[in-house]
Amino acid sequence: MTTFIVTGATQGLGLATARALAADSRRRVVLAVRDLDRGRAAAAAIGSNVTALPLDLASLGDIERFIADWQGDLAGLVNNAGVQITDDTRLTCDGYEETCAVNHLGAVALTLGLLPRLVGGRVLFIGSGTHHPGNRMASLFGFRGARLTSVRAAARGDHDDAASIRQRGLDRYATSKFFNMVTAVELARRHPAEVTSFFAFDPGLMPGTGLARTAPLAARLAWSSVLRWVAPLLPDTSTPTRSGATAAWIMTADAAEASSGAVFAHDGAHARRVWDRVFDPATGRLVVDESVALVQQRRGAR
């Protein structure tokens, strides 16, 4: 039985990905979640080959605990967990801005810590079309693309002083997704595909998921109701079920195996609207090296 970990899998894309992976009873799927009660309920609803384990990606210490406790080899790791905070600036227990910490640094720490278990396996980082400053669809929802290329600056919570609190949150989200996409591409450069493969995935706009939970009431209502009906008419939109099936395909299909370092879209094709900086080697070295340094810095501080 092959084993996959999916982080943040109690709802939305993560839950749909776990369900798609678990459809094959020869696979064991572990939901790594902050809310263990919800995780256990989700696992029970999917099937007997699914279990839940506690993991708080806002805490590098808890990530270290999870890695130390893990037993056995892995066929794949889906770094799905993510937050979009538009009502405040929040710092984690490690002193890092929470969006950067959960969406990116936590994923990097978990990936590198589990890498010895992922020989012959695959790692998926979740990106977003919002990372691209030229994405017109994303701009309709207030996104301006990634605003920083320094992970250190993002982790400090640096921001555009002229931007509103909500805009800062959107910028931080887009930037964290840019970091994830760059990281997948750079790790694929550093590790042979026959050892471990790395991919990035833009799941598309998926109205109805929990990402808008800190948005103003009107925006939350639109996200959970009106946009769910309008979305099929818009480009680059999908549903958790559709994108979850694609994520599971990336993690398991022979056809995806030769594409380590690729960025996939929600339809399984290579994403067409990816900012060219995602593939820039100098940017890749900077993002990964700074990310690793920040993770190790906190580890040394403890």
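**A crossing of two helices**

Guide: In this predicted model, helix 1 passes helix 9 in a right-handed crossing. Helix 1 covers residues 12-22 and helix 9 covers residues 240-252; their axes lie 7 Å apart and the helices pack at an angle of about 55°.

The contact itself draws on both helices. Helix 1 contributes G12, L13, A16, T17, A20 and L21. From helix 9 come P240, T241, S243, G244, A245, A247, A248, M251 and T252. Sorted by class, nine of the residues in this contact are nonpolar and six are polar, while none is charged.

Helix 4 (residues 98-114) and helix 7 (residues 165-190) have axes that come within 7 Å and cross at roughly 20°. These two helices are therefore roughly parallel to each other, and helix 4 passes helix 7 in a right-handed crossing. Among the residues in contact are N103, H104 and V108 of helix 4, and Y173, F179 and N180 of helix 7. By class, this contact has five nonpolar, seven polar and two charged residues.

Helix 7 also has a part in the second largest pocket, where it supplies six residues, the largest share of the lining.

Note on methods:
Residues numbered from 1 in each chain as written. Predicted model: local features only at pLDDT ≥ 70, side-chain atom pairs only at ≥ 80, totals over all residues. Heavy atoms only, no water. Axes fitted to C-alpha atoms, helices over the stretch in contact; angles between N-to-C directions. Helix = DSSP H or I, 4+ residues; strand = E, 2+ residues; numbered from the N terminus. Parallel < 35°, antiparallel > 145°, perpendicular 65-115°, else oblique. Left-handed = near helix turned anticlockwise from the far one by under 90°. Contact = heavy atoms within 4.5 Å. Nonpolar A, V, L, I, M, F, W, Y, C, P; charged D, E, K, R; others polar.
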